[in-house]
Amino acid sequence: MNREIQRINPVGLYDPSPNGYTHVAIAPAGASIVYIAGQGGEDENGNLADDFATQLKQAFANLDIALNAAGARPEHVVKLTTLVVNHDESKLQQLGAEVKVRWGDRPPTQTLIPVPRLALDRMLFEVDAVAVLP
């Protein structure tokens, strides 16, 4: 029985790798599912930097902490949902680069949702995740 997470970019769909995601992820039978709430760019004291790049990196660092608390690692993530305030191509490129740092050539699936604002006034980015522990 295959106990690995399968990641597939089917023929007939464009190559999503430059944008930091995979089209399809398949969890193995019997796996445990871990749901991580939206992680923003605030530090452990609740402070937010003013720029997107810093919040992006902090949000993914926060995601790493949450994954670790569940006994998971980035490679266990099968689905990201990212919310970007005032989304543009520059922010997409930054997000793609950050995903590449963590997942290399095996990124999770991802849905990016441009939004006018998030929970806090200065919040610019949020990411939630679904992970699978095979």
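## Contact between helices α1 and α2

In this predicted model, Phe-52, Ala-53, Leu-56, Lys-57, Phe-60, Ala-61, Leu-63 and Asp-64 of helix α1 meet Lys-91, Gln-94, Leu-95, Glu-98, Val-99, Arg-102 and Trp-103 of helix α2, where contact means heavy atoms within 4.5 Å. The residues of this contact divide into nine nonpolar, one polar and five charged, with Ala, Val, Leu, Ile, Met, Phe, Trp, Tyr, Cys and Pro counted as nonpolar, Asp, Glu, Lys and Arg as charged, and the others, Gly among them, as polar. Helices (H or I, at least four residues) and strands (E, at least two) are DSSP runs, numbered from the N terminus.

The axes of α1 and α2 come within 11 Å and cross at roughly 30°; axes are lines fitted to C-alpha atoms, for helices over the stretch in contact, and angles run from 0 to 180 degrees between N-to-C directions. The crossing angle therefore makes α1 roughly parallel to α2, a label given to angles under 35 degrees, with those over 145 counted as roughly antiparallel, 65 to 115 as roughly perpendicular and the rest as oblique.

## The sheet and its helices

Four strands form an open sheet of mixed pairing, in the order β3-β6-β4-β5, two strands being paired if DSSP finds at least two bridges between them. The edge strands, each pairing on one side only, are β3 (32–40) and β5 (109–115), and neighbouring strands of the sheet are turned by 10° against each other on average, direction ignored. Strand β4 (residues 77–85) runs parallel to β5 and is joined to β5 by seven bridges, and Thr-82 stands opposite Leu-112 in β5.

Helix α1 (residues 52–69) packs on this sheet, touching β3, β4 and β6 (125–133), and its direction makes about 25° with that of β6. Helix α2 (residues 89–103) also packs on the sheet, touching β4, β5 and β6, with a direction at about 155° to that of β4.

## Aromatic pairs

The structure holds four aromatic pairs, defined for rings of Phe, Tyr and Trp (its six-membered ring) whose centres lie within 6.5 Å, with planes under 30 degrees apart counted as stacked, over 60 as edge-to-face and the rest as tilted. One of them, formed by Phe-52 and Phe-125, is edge-to-face, at 5.9 Å centre to centre and 90° between the planes. This pair links distant parts of the chain, with Phe-52 in helix α1 and Phe-125 in strand β6, 73 residues apart.

## Basis of the values

Residues are numbered from 1 along each chain as its sequence is written, and side-chain values use heavy atoms, leaving out hydrogens and water. Local features need pLDDT of at least 70 and side-chain atom pairs count only at pLDDT 80 or more, whereas totals for chains, interfaces and linings use all residues.
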